[in-house]
Amino acid sequence: MGVVRTWESRRVELEDFRRKMVETAGIQRRKDDEGRRTNTLFCSDYDDDVDEGRNMLCVTSGVSYFGLALVNHLLLLGYSVRIIVDNPDIEKLQEMESSGLMRTTEYHFEVVIAKLTDVNSLEKAFEGCRGVFHTSAFTDPAGLSGYTKSMAEIEVRVTENVMEACARTPSIKRCVFTSSLSACVWQDNAQSDLSHVINHGSWSTESLCIDKKLWYALGKMRAEKAAWRIANERGLKLTTICSALITGPEFCRRNPTATIAYLKGAQEMYSHGLLATVDVTKLAEAHACVFKAMNNNASGRYICFDNVIDAQSEAEKLAKEIGIPKEKICGDASNNSLHRFELSKEKLCRLMSRPLRCYSEY
């Protein structure tokens, strides 16, 4: 496991960063145990309301589009944050540096190299952390198909590894898993008892996802179910957040795989009133809020969105932002589905003590 300690200045050269990563990797292996005992970032007493900054949290895929926003928000709240990366992603770490996070030693920040496909590697990376945010961000090696069936299978295996590593790590008290609204909205309309409300209790129909080749929805759904199974078996406190399409500054360019994959079947989602978006910053706020609430036994699933695309003008605007023809979202006919649904995030609204905004499409 290689660790890069807090950067003291935003003007640190990238080559120097590479050198320090290599050097620190060797030092850390020799001093791991001693560091766990003496490092003030780790503490035995856990009380968010007293001293958030003394508790180390870990974020997997912390250099992804959403991961960066979450890390930024947690640091600003005063938490210490450890980021897991598979390999030193210099460009994305440079993006973190330029964002201003490392301009002051006020923030406690670490980067850890660990393999998401290796439980033992993850277990070492989680040592001393009090909580884990598994943001489950993946990219398509081919860079073309958005999200493949094999990626869905990887999604499940990685989630199983993360949950098992959490269960093996005594310091881990809570885990927040970033799922997707696509794990909830793909309902089989042939079911006679189908509810018109999609909320935190809704699950997509697996056979429907397979028939329509909705691999992103399938991967997120199976991964989330695997997380719940292991959490229940191992007694781990878990919360999952089912996120709508993540938007924000340059979201399509910086998050192309998830954006393309989420929008497969966009016409159908739009026609059913189920095409929703969430700003990346608001999603990060929701994750932090849910994590803290877990200290008071809040748990379960939460749906997170802040807008439903229910007008052709909104669909056209989204298509323009992504750079695709508007017909890819709203089709030739405008929003005239016979079966309309209602998206509800009531549970999350109650938790965050904000005005309730549920969308009814009748």
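Reply: Let us begin with length: the expected span of a helix is 1.5 Å times one less than its number of residues, where helices are DSSP runs of H or I with at least four residues, strands are runs of E with at least two, and both are numbered from the N terminus. This is a predicted model, in which local features need pLDDT of at least 70 and side-chain atom pairs count only at pLDDT 80 or more, while totals for chains, interfaces and linings use all residues. Residues are numbered from 1 along each chain as its sequence is written, and side-chain values use heavy atoms, with hydrogens and water left out.

Me: How far apart are the end C-alpha atoms of helix H12?

Reply: Helix H12 covers residues 280–293, and at 1.5 Å a residue its 14 residues should span 20 Å; the end C-alpha atoms are 20 Å apart, which agrees. At the start of H12, a side-chain oxygen of Asp 279 comes within 3.0 Å of the backbone nitrogen of Thr 281.

Me: Which residues in H12 are buried?

Reply: An α-helix has 3.6 residues a turn, so residues three or four places apart point the same way. Buried means under 20% relative accessible area, exposed over 50%, and partly exposed in between, with a 1.4 Å probe and protein chains only. In H12 the buried residues are Val 280, Leu 283, Ala 284, Ala 286, His 287, Ala 288, Val 290, Phe 291 and Ala 293.

Me: At what angle do helix H2 and H12 pack?

Reply: Two packed helices are described by the angle between their axes and the distance between the axes. Axes are lines fitted to C-alpha atoms, for helices over the stretch in contact, and angles run from 0 to 180 degrees between N-to-C directions. Helix H2 (residues 65–76) packs against H12 at about 55°, with the axes 9 Å apart. Angles under 35 degrees count as roughly parallel, over 145 as roughly antiparallel, 65 to 115 as roughly perpendicular and the rest as oblique, and H2 and H12 are therefore oblique to each other. Where contact means heavy atoms within 4.5 Å, Tyr 65, Phe 66, Ala 69, Leu 70, His 73 and Leu 74 of H2 meet Val 280, Leu 283, Ala 284, Glu 285, His 287 and Ala 288 of H12.

Me: How do helix H4 and helix H5 cross?

Reply: The axes of H4 (residues 119–126) and H5 (residues 149–168) come within 8 Å and cross at roughly 50°. That makes H4 oblique to H5. A crossing is left-handed if the near helix is turned anticlockwise from the far one by less than a right angle, and right-handed if clockwise; H4 passes H5 in a right-handed crossing, and the crossing of H2 and H12 is likewise right-handed.

Me: Is Val 119 buried or exposed?

Reply: Val 119 lies in H4 and, at 17% relative accessibility, counts as buried. Leaving aside neighbours within four places in sequence, Val 119 is in contact with Asn 161, Glu 164, Ala 165 and Arg 168.

Me: What is the angle between H5 and helix H8?

Reply: H5 and H8 (residues 215–234) pack at about 20°, with their axes 8 Å apart. That makes H5 roughly parallel to H8. The contact includes Ala 152 and Val 156 of H5 and, among the residues of H8, Trp 215 and Ala 223.

Key
A polar contact is a pair of N or O atoms within 3.5 Å; within protein, one must be able to donate a hydrogen and the other to accept it, and residues adjacent in sequence count only if both atoms are side-chain atoms.
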